[in-house]
Each structure stands twice: as C-alpha cells, then as structure tokens.
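Keep the viewer open while you read.

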Amino acid sequence: MAAAVNRFFGSDLWWSFTRSPVTVASAVVALVCILGAVLAPWIAPHNPFDLASLNLSDAFKPPAWDEEGAAEYFLGTDDQGRDVLSAIMYGARVSLLVGLSATIFATVLGVSLGLTAGYAGGHVDSVLMRICDIQLTFPSILVALLVDGVVRAVLPREVHDQIALFVVIFAIGISEWPKFARTVRGSTLVERNKEYVQAARVIGVPSVRIMFSHVLPNVVGPVLVVATLNLGLAILSEATLSFLGVGVPPTQPSLGTLIRIGNDFLFSGEWWITIFPGVALIAMVLSVNLLGDWLRDALNPKLR
Amino acid sequence: MFAFIISRILQAVPVMLTVALISFAMFAYVGDPVAIMLGQDFTEAQRDQLVRDLGLDQPFWVQFATFIGHAAQGEFGLSYRLSRPVAELIAERAPATLELAFTAAALALLIGVPMGVYTGLYRNSWLSRFFLTFSLVGVSLPTFLIGILLILVFAVWLGWLPSFGRGDTVKLGWWTTGFLTVSGLKALVLPAITLGLFQLTLIMRLVRAEMMEVLRTDYIKFARARGLPNRAVHFGHALKNTLVPVITIVGLQLGAIIAFAIVTETVFQWPGMGLLFIQSVGAADIPVMSAYLMLIALVFVTINLIVDLLYYAVDPRLRIGRGKGGH
Amino acid sequence: MRKLLLAAALAIGLGAGWAEARTVRWSASGDPNTMDPHSQNVGTVTMVLQQIYDTLISRNQDLGLAPGLATRWEQVEPNRWRFWLRDGVKFHEGQAFTGDDVVFSITRAQQPTSNYAIYVDTIERSVQVEPLVVDVITRVPDPILPNKIASLMIMSRSWSEAHNATRPQNTRAREEMYTTRNTNGTGAFRLQTREPDVRTVMVRNTDWWGWSEPASRESNITEIIYRPISSDATRIAALLSGEVDFVLDPPLQDLNRLRSAPNIKVTEGPEVRTIFLAMDVHRDELLYSDVRGRNPLKDLRVRQALYQAIDIQAIHRTTMRGQSVVTGTFFPPQVNGYSREEDVRLPYDQARARALLAEAGYPNGFEITLDCPNNRYINDEQICQAIVAMWARVGVRARLNAMPLAPFFAKIQRDDTSIYLLGWGVPTLDALYSFQSLLRTRDGGQGNGIWNYGRYSNARMDQLIDIMTNQSGAPRDAAIREALRIYREDIPHIPLHHQMIPWAMRSNFTIPHMANNQPYFRWARMN
C-alpha cells in the first residue's frame with residue numbers, strides 16, 4: 001500500500017498536477033463541494049428537511065453580511081425560512097448523488113458493452129455500435145426527458161415520487177453510456193490483436209477473463225477521462241431536468257430545484273435564493289470539468 | 001453510391017419504427033383515450049361503441065399499423081389541451097424553433113471556428129488561455145442559468161433587448177419569419193446566444209484539437225519544409241483538413257440544438273416546438289408529445305443520413321473500405 | 001418660449017392622439033383554451049371573451065348590475081323575468097341582434113357540454129315575446145336570476161347554426177369546432193387574430209353601442225394584443241423593459257420592485273375569491289393517511305386543531321406579502337349575504353391544537369397528504385408549504401402533493417383526496433352560489449355540491465340552502481346568516497384568506513381595478 005502511495009506521488013501524473021495551479025485550485029474546490037455535500041447532515045447549520053424547525057417569520061433573510069441579515073443564516077433564507085447554506089449543502093448532496101450514480105451506471109454499462117463489442121467483433125460489434133451511433137445523435141437531455149416522461153406517465157404519482165430519484169439516475173445514465181462504449185471498444189480493438197492477448201487465447205484463458213484481467217486495465221485511463229468529464233455533464237443534466245420541473249422530486253431538492261424555485265425571486269431583490277445555488281452548481285461542475293480536462297491532457301502523451 | 005444510400009435508409013427504418021412504437025405505446029395506453037373521451041356519465045354500450053370506433057378492439061399490430069399509417073400522413077389527432085389538430089400546432093411552431101436553431105448554429109460556427117483556429121495555432125498565448133477558460137466556463141454553465149442572466153442584464157438592467165417572445169413576424173405562406181423585422185431580429189439575439197454558447201465552445205475545442213492534430217502530421221511538416229508561408233500552411237492545408245470533422249459534428253449537433261431549444265424556449269417563452277412540448281408534458285397532452293417525438297426522430301435520422309452522405313462524398317476511403325466493419 | 005411651444009406642440013400631439021391607434025399589449029400567465037363562450041367557465045377564458053361578447057346585463061365598475069344588451073328587466077311574475085332588449089345592436093359579422101339570439105344562447109348554455117349551467121339552472125324555458133322582448137320562465141322563483149344572467153354571453157343564432165356550433169365545444173372529448181378559434185359577439189372589441197399560446201389580437205368595434213356611455217367615453221384603446229407568458233420572472237422582465245403595458249397577475253414578490261420602478265404603477269384591491277382548505281369528512285378511512293379504521297377529519301376536534309395550528313398572520317405577512325385579507329369565513333364582504341359577525345377566526349394557538357389532537361386520540365399526530373395546486377392561485381404552493389411546516393410543529397406530518405391545475409382538478413374531482421386547497425370566486429356576488437356548490441349534499445340536484453369534494457353533508461345546512469334557492473327577503477337573509485354560523489362552528493373548511501389582486505401596468509395606461517379580476521378595456525385609456 002505504502003509503495004503504491006509512493007509510486008503515485010512519484011508519478012508523472014502527480015508531477016503534472018502540482019505544476020498546474022488551476023488544477024490544484026479546482027481540486028480544492030471540488031473537494032470542498034464534495035465534503036460539504038457528503039457531510040451535510042453533520043456539518044450543515046440547519047436541517048432544511050425538518051419542517052417543524054422552519055419558522056415563517058425568518059423567511060427572506062438576506063445573507064449575514066447584509067444589515068438585515070442574521071449570523072444564524074450565513075447565506076440568508078428562502079421564502080419558507082429555510083437556511084440557504086444548508087439547503088445548498090443538502091441540494092449538492094442530491095446533485096452529486098445523481099451525477100455520480102448516473103456516471104457509474106453509464107460507465108459500467110458502457111464499458112461492458114464496449115468490451116464485448118470490441119472483443120467479440122462481427123455482428124455483435126456492428127449491432128452494438130449501430131445502437132451507439134443512433135443514441136449518440138439523440139441529445140442526452142432529450143433521452144432523459146423521454147425516459148422520465150414515459151415513466152411518469154406509466155406509474156401512478158405516488159409510486160413515481162418514491163422512485164423518481166432512480167428514474168432520473170437511470171434516465172441520465174442510459175443517455176450517456178455510448179461514449180464509454182465507443183472509447184472502450186476502440187482501445188479493445190487495439191489490445192485484442194496484441195501478442196499477449198493472442199498468447200492468453202492460445203493457452204485457453206476464457207474470453208471473459210481475458211477481457212477483464214488483460215484488456216480492461218489498459219483502457220482505464222481513457223475511461224477515467226470520459227467519466228470525469230461526464231460527471232460534470234451528468235450534474236448539469238440533472239440540474240436542467242430539475243429546472244424544467246421533471247427531475248428529482250421536490251421533497252429532495254437538488255441544486256437545479258433550488259435555482260428553479262429561486263428564479264421567481266430573482267427580480268424582486270431576493271437574489272441570494274437563486275444566485276448562491278447557481279454559484280455552487282457552477283463551482284462544482286467547473287472544477288470537475290477542469291480536473292477532467294487536465295486528466296485528459298496529462299494522460300495523453302502526444303500533447304506533452 | 002446508390003446502394004450506399006439505400007443501405008443507409010434501410011438502417012434508418014428500424015430506428016423510426018422503434019420510436020414509433022414508443023410513441024404509439026404512449027398514445028394508445030398512457031393517455032387512456034376512452035376514459036378521457038367518455039367523461040363521467042356513460043353506459044357500457046357507449047363505451048363499447050367508442051372502443052370499436054377507435055379501433056381499440058383490434059389486435060395490437062393492426063392498431064400499430066394504423067397508427068403508422070396515420071403518422072406517415074402527419075395525422076396525430078387532436079391535442080387534449082388545445083383541442084386542435086396536433087399537426088397544425090406543430091407546423092405553426094416549427095418556424096420559430098428552426099429559425100432559432102439555425103441562428104444559434106450559425107453563431108456558434110462563425111465565432112467558434114476562428115476561436116478554435118487561433119487557440120490551435122497559438123497554444124500558449126494569453127488570449128488562447130482566456131478562450132479556453134471561457135470555453136470551460138461555457139460548458140459548465142447550465143443553459144437555463146445563462147438565459148436568466150442574459151435577461152437580467154440585457155433586458156432588465158440595460159433595456160437593450162427584449163426578454164421574451166419572437167417580436168413581430170412576417171408571414172411567408174405558412175412560414176412565419178422574424179428575420180424581416182427589426183423587433184424580430186432583436187428578439188432573436190439573447191435566445192440565440194443562450195442556445196449557441198454550448199455549441200460554440202464545443203466547436204472551438206474541436207477545431208483546436210483537430211488543428212493541433214493536423215499540424216503534427218507529416219505533410220504539414222513537409223509543407224513547412226518546402227518553405228510555404230505560415231499563412232498558406234495554416235489556412236490552405238491545416239484548416240481545410242480540420243473542417244470535415246467539424247462540419248460533421250455541427251451537422252449532428254443541429255439535432256442537439258433543436259432538442260436543447262426546449263430549455264431556451266422555456267426561459268425566453270419562445271413560441272416554438274420546445275415550449276409546446278414542455279407545456280404538453282405539464283398538461284399530460286399525449287398526442288402532442290408523441291408527435292413531437294416522432295418528428296424529432298425524423299429530423300435526427302434525416303440529419304444523420306445527410307451527414308453520412310457528405311462523408312461519403314468527401315472521404316474517398318469510405319468508398320473502398322466499406323463492408324470491412326469499423327471505421 | 002421655446003419650452004412653451006414644445007409643450008403646446010406636445011399637447012396638440014396628445015389631443016390628436018385620440019383618433020390614433022392606441023395599442024395595449026397585455027400579458028398574464030395562462031392562455032384561454034377555447035374561444036367558445038359557453039364551454040369553459042374559468043377566468044383565463046372570460047378575461048378575453050368578455051371583451052368580445054356582451055351579456056344581457058353587464059357589470060359596472062363596482063360590480064353592480066348595469067344595462068347591457070337588455071336596457072331594462074323586471075320580475076313580472078314570481079316565475080317570470082322579462083327583459084327589454086337594446087335596439088339596433090349588430091353582431092361583429094353584421095347580423096342584427098334580436099330576442100331569438102337570447103333564447104338561443106340560454107338554450108345553448110343549458111346543453112350538457114356547457115360549463116355555464118349553474119347560471120341557467122333554474123330556467124325552464126325562454127320565449128321571445130316581441131322581437132326585442134324576451135321572457136325567461138323559471139321552475140322556482142329565482143330572485144337572483146339577473147346576477148346569474150350577467151355572466152351569460154350572448155351569441156348569434158344564425159351564425160352558430162351556420163357553423164355547426166349550436167352546442168358548446170366539449171373540451172373533454174377533445175373536439176375542435178368553429179367556436180374554438182372564432183368569435184362573433186356584439187362587444188366592444190372584435191377578435192382579429194387567435195394563435196393559441198402565442199398571441200390573441202382584438203381590435204376596437206367602432207359600432208359598439210356602449211362607446212357613448214359615460215364610463216367608456218374616455219376610452220381610446222383601439223387594439224388589444226394579449227400574449228401569455230407563463231414564467232413569472234419573464235413576465236415581469238417584459239413589463240420592466242416596456243415590452244408589455246399591462247400585467248394582470250404580477251407575482252407578489254415583485255410588487256415592491258415594480259412600485260419603485262419608474263413608469264410602472266401597481267393598482268390593487270380585494271378579489272372576490274377566498275382560499276381555504278377542504279377536507280374529506282365522508283369516508284370512514286382516509287385515502288391518504290396512516291390512521292386505519294377511522295377518519296380523523298370526521299372529528300371536529302381534529303379539524304379545529306388543524307385550524308388553530310395555522311399562523312395565518314405569518315402567511316399574510318410573509319407568503320402573501322400583505323396582499324391578502326385574513327378571514328374566518330368563505331366569501332368576502334362584496335358578496336350579498338356576508339356577515340361581519342360570522343367572519344371570526346379561531347385564534348392561532350399551537351398548544352391548544354396539540355391538546356385537541358391528544359383529546360381526540362392522536363397525541364402523536366398522524367400522517368396525511370395535502371393536495372395543492374401550484375399554478376392556480378396566488379402563491380398557492382408556498383401557502384401549502386407553510387401550512388405543512390406549521391402542522392409539523394403540532395405533530396401532524398403532512399406530505400405536500402403540489403401539481404399543476406389540470407391534474408389537480410382532475411384528482412379532486414374524482415374525490416381522490418383527503419385534504420386540499422381551493423380558491424373560490426363568486427361571479428354572481430351572492431352567497432347561494434358558494435353554499436350550493438361547496439357545502440350542499442351532493443344529491444344529484446343541478447348544481448348541488450358540484451365542488452363539494454370533501455362530501456360534507458349536514459341536513460340543516462341543506463334545508464337552509466334550499467330556503468336560499470326558493471325564497472327571498474328576510475327569510476332568505478336569516479337562512480344565510482344561520483348557515484354562516486354553522487360554517488363557523490362545524491368547520492367543514494379551514495378558511496385562510498381572501499385574495500388581493502394587484503395589477504401592474506405602465507404609468508401611461510389606466511384601467512379600473514375590478515374585484516372579479518377581469519380587465520375591462522372598454523374603460524381603459526392609454527396616454
């Protein structure tokens with residue numbers, strides 16, 4: 001383990017990381033966002049879901065540094081007297097959960113199908129890649145809207161509200177998998193014809209094992225890059241769906257939901273209700289994207 | 001060539017059929033048309049009559065075939081919400097969406113390509129870094145937030161541009177255009193920027209990557225070695241070669257633009273198909289939803305087909321290497 | 001001197017403006033879903049159609065009755081009202097208006113596909129006595145018939161017959177007919193363009209009989225362009241940037257900003273609409289609750305506890321930003337039958353609410369789902385959110401189910417609810433309309449309990465409502481008074497407030513503020 005850690009800090013990757021102040025900064029921002037989101041139940045100043053703790057007379061308090069603000073509510077309160085900072089932390093939790101789960105779902109699906117396509121070739125390959133082609137041309141947001149719309153129409157409202165989170169995860173994930181499949185298939189095609197794979201084949205190692213123990217490790221890099229960039233996109237997709245009012249249920253507001261609700265107050269002077277969640281969303285997505293960008297350049301020797 | 005077109009069209013058929021199936025399933029089962037049409041007081045006989053009239057007692061595939069037959073003629077029935085033929089509603093709103101999408105794409109292309117070329121050539125200049133950072137911010141900003149901020153700044157604070165709608169339009173046959181009036185053009189600015197920004201950054205990054213890739217190739221090095229001036233190398237050789245993938249992506253992204261128009265149209269109350277779709281989703285107006293879906297699928301399939309054909313025309317390798325699988 | 005000249009030139013310019021085109025660009029959140037005057041009895045439809053169609057009796061600016069297409073009316077017998085009609089009136093397409101059109105319109109509004117039946121429910125038949133005299137024969141003596149007739153728009157028989165529109169459009173059956181998009185009224189404005197969801201343009205009917213009336217003489221509006229903008233923020237942005245002149249439903253949170261903006265003014269007044277919560281007091285077990293085997297809402301103590309747990313002043317102050325009139329009853333003072341003494345709320349008292357719940361056998365509260373529209377009334381969803389939080393503090397764990405008005409009304413109209421928020425307007429300005437629709441036992445009688453989705457049923461209340469229907473004078477007043485007392489004591493609803501309706505407009509536009517939330521452009525002026 002220690003050796004692995006040492007190896008990591010001695011690696012090119014770490015070196016290029018420390019050389020890029022923007023990357024370090026975005027890593028810090030990303031870390032803050034993630035920690036704030038994950039630890040929300042323990043470190044958030046209030047629990048926005050505890051209805052009994054809400055007090056309508058505390059509504060519309062501006063941020064603490066404003067004359068009318070209260071120290072108790074650092075970023076102010078919304079129309080129901082909910083603490084905006086806590087709402088953002090809990091909201092980021094939902095956004096991150098959806099983004100990560102959707103990306104993991106898309107990764108697993110895309111990698112498996114990409115490996116299969118690349119390794120098996122022939123008809124399996126052409127069918128899978130054709131599906132990829134078709135789906136890539138449909139924008140993810142439309143696929144997600146569609147999946148969500150169909151599920152919404154098929155299931156009764158009560159049931160839908162309970163599984164809405166999974167529907168959104170599924171909807172976003174299913175719309176992103178082809179990118180992974182494409183990447184993995186390309187790398188697999190290259191690896192498949194290398195001698196060590198041919199050799200493993202000859203000595204009778206099962207295909208599945210070859211794929212996972214020999215081919216997969218060689219495609220981890222590109223997959224990681226796609227996944228990181230995709231995480232930002234997935235978080236944005238979720239925010240967009242929630243902004244359109246078809247995303248996560250209102251009982252579990254994400255950053256997109258907060259922005260949608262706050263949007264009504266944008267022109268009335270209560271800007272903090274929408275601007276702060278917006279800033280949080282942008283900070284989160286931008287830092288993740290910057291990291292992904294750096295990772296791509298760092299892993300691509302041609303660009304050095 | 002002809003065989004290629006035919007094979008491509010044949011490949012598009014299953015796509016359209018799949019989408020049609022989803023559309024039909026929504027149309028036939030989700031909305032429960034019988035319950036909606038009968039209202040509250042009815043007899044069993046009336047119910048059965050209606051089921052027969054609507055053909056709902058037919059086997060599934062007969063109903064599906066009828067649905068496809070109607071769909072092929074643009075016949076999707078009446079909107080639940082507006083009690084008007086769906087085809088008419090969509091035809092009324094299509095010009096608004098198409099004009100917006102076209103302007104956004106043109107904007108993205110006209111600004112994105114030069115920016116991409118510049119950043120590709122001068123990788124380390126501060127302007128390039130600025131462009132790159134700008135593009136990352138552009139990718140990270142959700143479309144709706146951009147729209148809201150643009151309205152706040154340019155419509156409310158500065159009062160320069162309208163915040164909603166299409167302005168005055170001129171009728172040209174069944175098409176309505178906002179291109180011919182001052183207010184129509186002004187109304188187009190903010191939504192087009194909102195919609196085009198993401199594509200702009202995408203095109204910029206794509207052109208940059210392609211430029212860098214091409215500049216490394218042997219024949220550019222060779223051109224330089226021949227002593228050709230930088231200008232000729234960059235624009236005569238390098239840019240020309242980057243444009244093929246760029247045009248492809250732009251073509252494919254046209255579909256994405258039309259889809260993302262849903263968000264932009266919602267923010268700007270732009271009276272296009274996207275707004276119609278979202279309003280229909282809100283009102284569970286199934287006929288409109290399923291028709292919109294079919295239409296978008298058709299647009300995508302068509303764009304794909306055209307892009308494929310362009311590829312075929314531009315890239316000679318495709319003409320020989322076809323059939324070996326993978327490209 | 002120069003300044004003077006300029007001022008003079010401006011004055012002349014303004015004077016000349018009288019004859020010029022004066023366009024008012026108007027916006028609200030919703031778009032009418034039909035142009036048929038008897039199909040949908042909702043504010044978004046009538047706000048456009050009442051510019052185009054006249055009624056026999058119209059309303060003046062205080063919502064009092066005023067001559068419309070009828071110049072005079074009288075209850076000639078207990079069961080017979082007589083209307084003398086205005087001479088020389090023409091429909092927009094040129095047909096002369098006669099008593100036959102009135103008879104036709106009444107019959108049309110009585111068809112099963114009509115949504116206006118409640119205004120003509122007592123009418124047995126109507127006859128044209130002379131070309132310009134019509135008698136309306138009622139099944140029972142109907143003292144408030146003129147109030148109801150004032151909501152019935154008059155169509156042309158020959159036009160309707162020529163276009164196959166002799167019955168109202170059935171929106172539920174998704175049919176399109178000529179009247180979905182075409183109109184032919186006698187009113188002050190003519191429909192010129194109708195693009196659903198996008199634009200509705202009306203132009204001045206210079207032949208309108210009413211332009212010489214004192215209230216309309218000053219009006220200079222020649223064209224009305226209506227454009228729906230559903231997003232609150234966008235609608236306000238459009239007003240602030242001068243793209244629209246008049247917004248019927250500005251969001252409350254923007255009022256302060258609008259008031260302080262240059263060139264914008266806000267007029268406000270009470271609306272004849274009351275917001276309340278209604279409960280399922282019929283089922284033996286609630287559909288949406290964790291209480292099994294009994295219905296807590298059948299217990300008066302529980303209803304009272306839910307009532308007293310609500311801090312209505314906080315809602316008034318914060319959620320409504322002062323734009324509401326807190327009430328203890330279910331219609332406002334403008335309505336005939338209102339009684340100040342019965343308009344008393346139970347005090348806000350959380351301790352009392354907890355005690356009442358414990359007394360009723362729910363010391364730990366219970367779970368319930370509150371159904372709430374999210375785009376129908378002013379800040380409806382926010383009100384519900386606030387109430388859910390307030391109930392949480394006395395132990396009642398309410399789940400908020402907020403949805404757009406279409407699915408919301410569909411749901412409650414199936415009685416598929418345990419407790420819901422409703423806003424009730426009174427177009428007839430008479431208490432009977434509210435009592436009969438909201439509280440009468442639903443026994444199949446026309447108009448009885450048609451909006452009583454909690455299925456409240458009280459024998460004495462039913463008797464009193466029947467007295468209101470059939471009698472007039474002192475007995476009727478006494479019946480209303482007693483019914484209001486029962487309402488206060490029996491708590492079939494939890495009353496919240498009467499809505500206030502602010503209208504926002506550019507400073508150069510004037511329009512009288514109306515308590516029925518309908519803009520009358522015939523009285524408007526643009527400078």
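First, some housekeeping. This is a predicted model, in which local features need pLDDT of at least 70, side-chain atom pairs count only at pLDDT 80 or more, and totals for chains, interfaces and linings use all residues. Residues are numbered from 1 along each chain as its sequence is written, while chains are lettered from A and ligands numbered from 1 in the order in which they are written.

**Chain C as a whole**

Chain C has 17 helices and 19 strands; helices here are DSSP runs of H or I with at least four residues, strands are E runs of at least two, and both are numbered from the N terminus. Along the principal axes, its C-alpha atoms fill a box of roughly 75 × 65 × 45 Å. How does the radius of gyration of chain C fit a compact globule of 527 residues? The globule would have a value near 24 Å and chain C has 24 Å, so the two agree. That radius is taken over C-alpha atoms, and the globule rule is 2.2 Å times the number of residues to the power 0.38.

Of the 527 residues in chain C, 51% are buried. Buried means that 20 or more other C-beta atoms lie within 10 Å of the residue's own; exposed means 12 or fewer, partly exposed is in between, and the C-beta atoms are placed from the backbone. Now take contacts in chain C between residues at least 6 apart in sequence: 70% of them join residues at least 24 apart. A contact is a pair of residues whose C-beta atoms, placed from the backbone, lie within 7 Å.

Helix 16 of chain C has 12 residues, which at 1.5 Å a residue should span 16 Å; its end C-alpha atoms are 17 Å apart, which agrees. The expected span is 1.5 Å times one less than the number of residues. Its buried residues are Met461(C), Asp462(C), Leu464(C), Ile465(C), Met468(C) and Thr469(C). Look down the axis of helix 16 of chain C and these fall within an arc of 165°, so they line one face of the helix. The arc is that of the directions from the helix axis to the C-beta atoms. As background, an α-helix has 3.6 residues a turn, so residues three or four places apart point the same way. On the face of helix 16 of chain C turned away from the buried side sit the exposed residues Ala459(C) and Arg460(C). The cover over the buried residues includes helix 15 and helix 17 (474-490) of chain C.

Helix 10 of chain C (residues 300-308) has buried residues too, among them Val302(C), Leu306(C) and Tyr307(C). The buried residues of this helix pack against strand 12 (264-279), helix 12 (350-359), helix 13 and strand 17 (493-506) of chain C.

**Where chains meet**

The contact between chains A and B takes 33 residues from chain A and 32 residues from chain B. Helix 12 of chain A gives the most to chain A's side, with 8 residues. The contact between chains C and A takes 21 residues from chain C and 18 residues from chain A. Here helix 13 of chain C brings the largest share of chain C's side, 6 residues.

**Some single residues**

Gln269(B) has a phi near 50°, a positive value in a residue other than glycine. It is in the loop between helix 10 (230-268) and helix 11 (273-282) of chain B. Is Gln269(B) buried or exposed? It counts as buried, because it has 25 C-beta neighbours inside 10 Å.

Arg455(C) is not a glycine either, and its phi is positive at about 50°. Arg455(C) lies in the loop between helix 15 (431-438) and helix 16 (459-470) of chain C. With 15 C-beta neighbours inside 10 Å, Arg455(C) counts as partly exposed.

How values were computed: Two residues are in contact if their C-beta atoms, placed from the backbone, lie within 7 Å.
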